Amino acid sequence: MNYKSFQSKDVFRCFKVKRHLRSKLHTTWMVIALMIVILLPIFLGIGLYVKSAMLLREQSLFELLFSSDWRPLAGKFGFLTFIISSLWVTVISLLIAGPICLLTSIHLTQYAKNWVLKVMHPVIDILAGIPSVIFGVWGILIIVPFISDYLAPLLGKQSSGYSILAGGIVLAVMIIPFILNILIDVFRTLPDELKEASLSLGTTKWQTIKLVLVRKAFPGIISAFGLGVSRAFGETIAVLMVVGNVTTIPKGLFQPGYPLPALIANNYGEMLSIPLYDSALMLAALVLFVVVMLFNLGSRYAITRIEEME
Amino acid sequence: MLMFLSTSIIVISLTLIIVSILYKGLPSLTWEMISQTPKGGFYFGKEGGILNAIIGSLYLALASTSLALVIGLPVALMMNVHLIKHKKLVNGIRFLLDLLWGVPSIVYGAFGFSIMIYFGLKTSLLAGILTVTLFIIPIMVRGMDEVLKTIPRGMLESSMSLGATSSEISYRVYLRQAIPGLVTAILLSFGRGIGDAASVLFTTGYTDHIPTALNQPTATLPLAIFFQLSSPIPEVQERAYASALVLTIIILAISILTRFFSKKYQKNRIKQ
């Protein structure tokens, strides 16, 4: 080892010890940080469960989820109204966002010229970065008056504008960048040979897309939608601001609704004054958590499988 | 044609959002708005501004971003330096982070709240910071991971062959290589932190004062918008639009900064 020749032995050892000590310390901290991250979902689940267990002891889960009797003062906590509202809003947003995202992603990956891509990239990024409160403000400014003044009268209905439909539209715009990014990735990972082979057989470009690309990307598309659903299901403030928040089961698009996250957000102030109320709200949060986790789990798993296949 | 239409729908909705916020917010945005805290009768349309919320949001977002950085950066580096041989484990962590990313912020808020009650804390800046930190860690780690993933493996091998310890590789080689991307990830999580309302709704509370200590409740911009907008008084609603404009400007500034950083440092990179 010839480096000892130009360095005093002790100084070198000291230097070396310090380096390795630093490396050790750093590794320890890394492991701790990693543990925090890994344990986070477990803690989330346990924390919410412990809180909601109080209510679960009194009433069965089935009873809570499928009863629409919501009278906190009488100790009745039926979540059905809120769950149905949540489903409505989510489904509508997906119905709007889904086709738009699919068509746009095909356009951007197969047809678009360079300048379109250059414009669309920042647009998607900015749209993804806008906070949900801003979407809510926008919903109140544009969507709500649009529905109450134009859309509802056009269809011969009465509406204040604060409705399931407004919530769905606002949500749709919110989840578009999210779904779109995943879809673009999905279409990018499709091998070019697939397209070339199909085109060389004499199909038109549209036939290739419809019969080859979309079919090949189908699991990916479904998972992207699944992720969009989970995002829409848990979105709070923006929906809360436009959806009306009335505790009845909505019967039409133009009726107000009251989704689960809005319920939690609206009642946090009084939840400590009524017994079991906080427990009920935590159960609502737990339901959200579980549903979203399941949707995510399924979709992400499918996406990982696809990536492995490529 | 239909495809072009749907692409333009997205562009149009973004422009609509920004234009409507600008149109409604600009007339009521005054210097007074952003330089004063609320005075008496502010919520009935009297004098004052939303400085408390702006400062509160900045405190909250800055503190939680730095906290998330302290936890997130090591995790991201570890996934790409220390655990590079354990592909399965790393993929498992990635999967977990993706799951966490999808958890709605209100769930974090409710969780933070129940923890707060458990420890007997009141709504405070500290509780808010912790909740938002938990909320943005997955976003930050995943963003950093995407960048670190692209660093060629040869870098790691050559530094190791020179006898570098793994922490030296992490901080002197990987960190330096990935800085523009990391800054992007940090700014992204900062934007998330500053814009999220649901997670701070339970935990930080609301106040008219600028917080001076960690245990005081803090006003945040999203909540300021939300509360002012639910007021029946038109003047107060106007202010909500102006506050929304302030928040939008902050977010746009972050977005522009992000682009700037990723362009500027692109040339530092050693390509494969």
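The dialogue below goes through chain A of a predicted model, from its elements to its contacts with chain B.

Q: What conventions apply here?
A: Residues are numbered from 1 along each chain as its sequence is written, and chains are lettered from A and ligands numbered from 1 in the order in which they are written. The model is predicted: local features need pLDDT of at least 70, side-chain atom pairs count only at pLDDT 80 or more, and totals for chains, interfaces and linings use all residues.

Q: How many helices and strands are there in chain A?
A: Helices (H or I, at least four residues) and strands (E, at least two) are DSSP runs, numbered from the N terminus. Chain A has 12 helices and 2 strands, in the sequence pattern α-α-β-β-α-α-α-α-α-α-α-α-α-α.

Q: Where do the domains of chain A lie?
A: Domain bounds come from an automatic or database domain assignment. Here domain 1 covers 2–58 and domain 2 covers 79–309. Two residues are in contact if their C-beta atoms, placed from the backbone, lie within 7 Å. By that rule, 9 residues of domain 1 of chain A meet 9 residues of domain 2 of chain A.

Q: Is A:Leu183 buried or exposed?
A: A residue is buried if 20 or more other C-beta atoms lie within 10 Å of its own, exposed if 12 or fewer, and partly exposed in between, with C-beta atoms placed from the backbone. A:Leu183 has 26 such atoms within 10 Å, so A:Leu183 is buried. This residue is in helix 6 of chain A, and the residues that A:Leu183 touches include A:Cys101, A:Leu102 and A:Ile221, leaving aside residues up to four places away in sequence.

Q: How many residues of helix 9 of chain A are buried?
A: The count is 14 of 17, so helix 9 of chain A is largely enclosed by the rest of the structure.

Q: How many residues of chain A are in contact with chain B?
A: 67 residues of chain A are in contact with 60 residues of chain B. Helix 1 of chain A gives the most to this side of chain A, with 19 residues.
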